[in-house]
Amino acid sequence: MKAVVIRTFGSPDGLEVVDLPVPAPAAGQVRIATEAIGVGGVDAVIRRGTLAAYGFREGHLLGSEVAGTVTAVGEGVDASWKGRRVWAFTGLSGGYAEQAVASVEDVLALPGGLTGADAVALGGSGVVAHFALERARFAPGETLLVRGAAGSIGITAVQLAAGGGAGAVAVTTSSWERGARLRDLGATHVLDRSGEGGPDAPSGFDVVIDVVGGPRLPLFLDSLNSNGRYVAVGVVGGQPPADFGTRLTDAFRKSLSFATFSSDTVPRPERQAVRSSQFADAARGALRTVVHAMMPLDEAVLAHREMDAGTVFGRVVLVP
């Protein structure tokens, strides 16, 4: 089968299309003929070698979420899964391939009317957006800033906050065109990447959801209101300065809170329940997904170039 691996860490040119044996599902697993493969920020971080200290090595098969049809089941798995269209989380490996395996506990049947591309645009990111807002104790009437809102996590967070009665939903983005698209999804204020947004922008925020991280993170800590909560859900812009915590202690009297969030810390049944609900909402049009582009699997290099260039709005989807 065709698959994409990391030949060398670094630029997208280090990705390579290879031929691998079709995987056999182990006990408790299913095998899926993929029709859509999500390209996420974590894939780019792994590809750059940023997470090599966590055991990722060159030769790694990228990809964490796919949609497609179950073609085989492992020992102990109900045979009725065969032939069903599903979304699946494959871990942090194995998705960029014509056939992928996943634990049946990480598989959900797709509702009618939801495409595979829509499923991988929402499946992983929607859960992060939901539980990040929950972790931040976001409440109706509060002001929210989504930093790096043009990706799938941000797009979903904007919609959830707007639908949840936010007093204001601000976003950071890189262009007027992106800002207009985010306003259409529920944003009320558009800021540039440094957090500037003109005289009508909120002077502070009760909650910040940050997908970016990077060297500017301390500036956005400064934008929190008293009792403000900051939740970092990604570091696609790199690690923040090592001393960023001094911003919190400098503002001691504002009682600020900072947290990181990974959906890995949410029990699987809770994740799957939220994901199933969001899939149903998307199938009936109550929650919108954004697919930036659909590209052949062997154009993964181009997909990652677009990710690195910051031109992606929504989710890039690879198609075998």
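Modeller: Happy to! Let's begin with β3 and β6, which pair in the antiparallel sense over five bridges. Keep in mind that this is a predicted model.

Colleague: Got it. Which residue stands opposite I32 in β6?

Modeller: That is A100. I32 also has a bridge partner in β4, namely V70.

Colleague: And how many bridges join β3 to β4?

Modeller: Seven, and the two strands run antiparallel. β3 is also joined to β15 by three bridges, again antiparallel. In that pairing, G38 stands opposite V317 of β15.

Colleague: Nice. What about the nonpolar core, which residues have the most contacts inside it?

Modeller: In the largest nonpolar core, which has 33 residues, those are I32, Y96, V107 and L318. Elements that give two or more residues to this core include β1, β3, β4 and α8. Apart from it lies another core, of 32 residues, among them V171, A187, F261 and V274.

Colleague: W87 has a ring, so let me change topic. How many aromatic pairs does the structure hold?

Modeller: Three. In one of them, the rings of W87 and F279 have their centres 6.2 Å apart and their planes at 70°. Planes over 60 degrees apart count as edge-to-face, so that is what we call the W87 and F279 pair.

Colleague: Where do W87 and F279 lie?

Modeller: W87 lies in strand β5 and F279 in helix α7, so the pair ties together parts that are 192 residues apart in sequence.

Colleague: Are those two buried or exposed?

Modeller: W87 counts as buried, at 1% relative accessibility. F279 is buried too, with a relative accessible area of 2%.

Colleague: And which residues do ring pairs link into a cluster?

Modeller: Y230, F244 and F258.

Colleague: Let's look at a helix now. What span should α2 have, and what does the model give?

Modeller: At 1.5 Å a residue, the 20 residues of α2 should span 28 Å, and its end C-alpha atoms are 29 Å apart, which agrees.

Colleague: Where does α2 bend?

Modeller: At S125, by about 35°. As for cover, 15 of the 20 residues of α2 are buried. Just after the helix, R137 takes a positive phi of about 55°.

Colleague: Last one: what does β11 pair with?

Modeller: β8 is joined to β11 by four bridges, and these strands run parallel. Here, D210 of β11 is the bridge partner of R147. β11 also pairs with β12 in the parallel sense, over five bridges, and there F205 stands opposite L224.

Colleague: How covered is β11?

Modeller: Mostly covered: six of its six residues are buried.

Conventions
Residues numbered from 1 in each chain as written. Predicted model: local features only at pLDDT ≥ 70, side-chain atom pairs only at ≥ 80, totals over all residues. Heavy atoms only, no water. Buried < 20%, exposed > 50% of the residue type's maximum accessible area, 1.4 Å probe, protein only. Pairing = 2+ DSSP bridges. Expected span 1.5 Å × (residues − 1). Bend = angle between axes of the 7 residues up to and from the residue. Core = buried A, V, L, I, M, F, W, Y, C linked by side-chain atoms within 4.5 Å. Phe/Tyr/Trp six-rings, centres within 6.5 Å; stacked < 30°, edge-to-face > 60°.
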